[in-house]
Structures are given as structure tokens and as C-alpha cells.
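I opened this model to look up a few things.

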Amino acid sequence: MTSGFNVSGLAAPQAGRYLLTFRAKADDVRTFVVNLGRNGNGDNNWASYGRVTAAAGPEWVIYSFELPNVPQGSAALLDFNFGNAGTAAVTVDSVKLVRLTQ
């Protein structure tokens with residue numbers, strides 16, 4: 001994948017802190033942005049719950065980011081945006097979003 005992808009319709013059954021984890025690698029070193037936010041496709045009301053910048057290279061790397069203020073709801077969008085930061089293909093897998101209890 002070279003430009004990005006997103007997953008919509010994610011549900012946060014409870015408000016709170018969430019942990020986003022995934023693995024990624026790229027054909028060449030490349031940065032990308034990961035954002036979890038409110039899906040504003042229907043009403044143009046977008047909001048970010050947490051945005052991070054990461055970099056991937058030819059070896060698998062496990063990423064882990066804490067998102068401290070995710071509201072309850074089912075209108076979330078998880079976006080992996082590779083933008084114009086190069087043409088090297090990026091592979092992402094093992095994506096998990098888990099609510100932290102403490």
C-alpha cells in the first residue's frame with residue numbers, strides 16, 4: 001500500500017484510554033501518520049482522538065500508542081495515511097485497539 005487506508009465504523013463501547021498496536025514494514029524507510037478520530041463523512045464533523053507519526057523500514061516493527069481521550073461511540077475512523085512521503089509500499093498487520101482499564 002502506498003497512499004493509505006482507513007477502517008470506519010469502529011466502536012468504543014466505553015469512553016477512556018485506549019491502546020493502539022500494530023506491526024508495519026516498508027520496502028524502504030518511510031514515515032506515515034496514524035489517526036483515530038470521529039468519522040465526519042456524513043456530517044463533515046471531524047475530530048481527532050489521537051494522532052501519531054511513525055516510520056517503517058524493511059524489518060517488521062511493533063508500534064504501540066496510547067490514546068488518552070477516546071469518547072464512547074460507534075463513529076470512529078482509524079486512518080493510516082502514507083501521503084506523499086514516497087512510493088515505497090507499506091505493509092500493516094495485527095492492528096488492535098484495546099481499552100485500558102487503569
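My entries follow, by topic.

**Ground rules.** I worked on a predicted model, where local features need pLDDT of at least 70, side-chain atom pairs count only at pLDDT 80 or more, and totals for chains, interfaces and linings use all residues. Residues are numbered from 1 along each chain as its sequence is written, and side-chain values use heavy atoms, with hydrogens and water left out.

**Confidence.** I checked pLDDT, the predictor's confidence in each residue, from 0 to 100. The chain averages 84, and 90% of the residues score at least 70.

**Sheet.** I looked up strand pairing next; two strands pair if DSSP finds at least two bridges between them. I found an open sheet of three strands in the order E5-E2-E7, with antiparallel pairing. E5 and E7 are its edge strands, each pairing on one side only. From one strand to the next, the twist averages 20°. For that angle, axes are lines fitted to C-alpha atoms, for helices over the stretch in contact, and angles run from 0 to 180 degrees between N-to-C directions.

I then went through the bridges. Strand E2 (residues 16-26) pairs with E5 over eight bridges, antiparallel. On that side, Gly16 stands opposite Val70, and Tyr18 stands opposite Leu67. E2 also pairs with strand E7 (residues 90-99) over eight bridges, again antiparallel. There Ala26 stands opposite Val90.

**Aromatic rings.** A pair of aromatic rings is described by the distance of the centres and the angle of the planes. I used this rule: rings of Phe, Tyr and Trp (its six-membered ring) pair if their centres lie within 6.5 Å; planes under 30 degrees apart count as stacked, over 60 as edge-to-face and the rest as tilted. How many aromatic pairs does the rule give? The count is seven. Phe32 and Tyr63 form an edge-to-face pair, because their ring centres are 6.1 Å apart and their planes stand at 75°. This pair links distant parts of the chain, 31 residues apart: Phe32 is in strand E3 (residues 30-38) and Tyr63 in strand E5 (residues 61-70).

Are these two buried or exposed? I used buried for under 20% relative accessible area, exposed for over 50%, and partly exposed for in between (1.4 Å probe, protein chains only). Phe32 is buried at 2%, and Tyr63 is buried at 9%. Tyr63 also pairs with Phe65: centres 6.4 Å apart, planes at 20°, so this pair is stacked. Phe65 is buried, as is Tyr63. I noted a cluster as well: ring pairs link Phe22, Phe32, Tyr63, Phe65, Phe80 and Phe82.

**Charge over a ring.** My criterion was NZ of Lys or CZ of Arg within 6 Å of the ring centre and within 35 degrees of the ring normal. The charged end of Arg23 sits over the ring of Trp60, 3.9 Å from its centre.

**Core.** A nonpolar core is a set of buried Ala, Val, Leu, Ile, Met, Phe, Trp, Tyr and Cys residues joined through side-chain atoms within 4.5 Å. The largest one has 23 residues, and Phe22, Phe32, Val34 and Phe80 touch the most other members. E2, E3, E4, E5, strand E6 (73-81) and E7 give two or more residues to this core. E2 gives the most, with five residues. In soluble globular proteins, nonpolar side chains tend to be buried together.

**Loops.** I looked up Asn39, in the loop between E3 and strand E4 (47-56). Asn39 is buried at 17% relative accessible area. From Asn39 to Ser74 I have 9.2 Å, C-alpha to C-alpha, at 35 residues apart in sequence. Gly57 is in the loop between E4 and E5 and is buried at 11%.

**Backbone.** Most residues other than glycine have a negative phi, and most peptide bonds are trans. Ser94 has a positive phi, near 55°. Ser94 is in strand E7 and is partly exposed, at 42% relative accessible area.

Conventions. Helices (H or I, at least four residues) and strands (E, at least two) are DSSP runs, numbered from the N terminus.
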